[in-house]
Amino acid sequence: MTAHQNGTISSEISDFLLNCFARSPSWKFWLSLPLSLLFLLAMGANSVLLITIRLEASLHEPLYYLLSLLSLLDIIVCLTVIPKVLAVFWFDLKSISFYACFLQMYIMNCFLSMESCTFMVMAYDRYVAICHPLRYPSIITDQFVAKAAVFILARNGILTVPIPILSSRLHYCRTNVIENCLCANMSVSRLSCDDVTINRLYQFVIGWTLLGSDLILIFVSYTFILRAVLRLKAEGAVTKALSTCGSHFILILFFSTILLVFVLTLVVKKKVSPDVPVLLNILHHVIFSALNPIVYGVRTQEIKQGIQRLLKKVW
C-alpha cells in the first residue's frame, strides 16, 4: 500500500496528503498565529469553565451540566481539528493516515450535530424556566439532564457512523491529495473512482435532518419564550427574563450564521475561491469553541462569581 510523492496511487492508499490553501498559500502564514491563539483561548477558557462548574457547588444545576457538556464537546473538536491544521501550517506535515482521516471525519460530523442537539435541549430548559417557572424544578432535574445526555450521545453517535464508513469503503485510485485542511467527507470522497451519490445523499439528508430539526425546535422554543416575556408586566421582569437566555441565544445565532454562510459558499462555489469554505470550516471549529465559555462567563453572574472565587483559592 504505497503512494507516490506526485499524488498518483500505485495500489491501495495507506495515507492522504492535506493540501491546505493551495490557491492561497499566503493564508497559512497569516492564519497560523491567530489560529493558535484562538486554540489556546478555546482550550483554556473551556477548561476553566469545566473546573469552575465542577468545584462550585452553587453551579451544580441542570443548565450548568448542559453547559459542561457543550464545553467538553468543544475541547474534543478543537483537539481533533486544530493541532493537525497547525502542523500543516508550521511544519508542512501534510500526511494523515487512512484511519486517522476517517476518525477525524466522524468526530467532526458527530460532534457538530451533538453541539446542535445540546443547544436544542438548552433552549427547552430556558422555555420551561420562563414559560413554566413553578414547574421548572420538577421537570428539569438531574435525571432529565442524564437522559438528555444519553439521547444526545446516542442519536448523533449512531446516525453519523455511516458517513465515514461509506467513505472508507470507496475505492481510491486517482490521487491521495485532499484539497482541504481537514478530512471533510466531500473532499475525501471526491478522490474516489466509485459512484459517491449515496455518500453525498446520506450526508445531505442526515445533516439537514439533525441540524434542521434542532434549529426548528430552538426557533419554536424561543417563539414561546418571546410571547411569554412580552406578557410580563412586572417592572424589570422582561429584562431579567431576556438576560437569562441572552447568552444562549447569542451563541445559537453565531452557530447557525456561520453554518449558513458555509453552506452558501458551497452553493455559489463557482463565484468564490475554493479556499473560502475551507477557511470558514476551520474557523467554525475554533471561534465558536472560544466564544462559548467567554459569552457565558461574561454574561452569567453565577459563573463569573464562581470563576472569581476559584481564582482567589488558586492565588
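H3 and helix H10 (residues 275-299) pack at an angle of about 30 degrees, with their axes 13 Å apart; axes are lines fitted to C-alpha atoms over the stretch in contact, and angles run from 0 to 180 degrees between N-to-C directions. That makes H3 roughly parallel to H10, the term for angles under 35 degrees. On the H3 side the contact (heavy atoms within 4.5 Å) is made by Met-108, Leu-112, Glu-115, Phe-119 and Met-122, and on the H10 side by His-284, His-285, Phe-288 and Tyr-296. By class that gives six nonpolar, two polar and one charged residues; Ala, Val, Leu, Ile, Met, Phe, Trp, Tyr, Cys and Pro count as nonpolar, Asp, Glu, Lys and Arg as charged, and the others, Gly among them, as polar.

A word on the source: this is a predicted model, where local features need pLDDT of at least 70 and side-chain atom pairs count only at pLDDT 80 or more, while totals for chains, interfaces and linings use all residues. Residues are numbered from 1 along each chain as its sequence is written, and side-chain values use heavy atoms, with hydrogens and water left out.

Next, helix H1 (residues 26-55) and helix H11 (residues 301-314): their axes lie 9 Å apart at about 90 degrees. H1 and H11 are therefore roughly perpendicular, a label covering 65 to 115 degrees. Val-48, Leu-49, Ile-51, Thr-52 and Leu-55 of H1 meet Ile-303, Gly-306, Ile-307 and Leu-310 of H11.

Finally, Asn-109 belongs to helix H3 (residues 98-131). Is Asn-109 buried or exposed? At 17% relative accessibility, Asn-109 counts as buried, meaning under 20% relative accessible area with a 1.4 Å probe and protein chains only.

Technical notes. Helix = DSSP H or I, 4+ residues; strand = E, 2+ residues; numbered from the N terminus. Buried < 20%, exposed > 50% of the residue type's maximum accessible area, 1.4 Å probe, protein only. Parallel < 35°, antiparallel > 145°, perpendicular 65-115°, else oblique.
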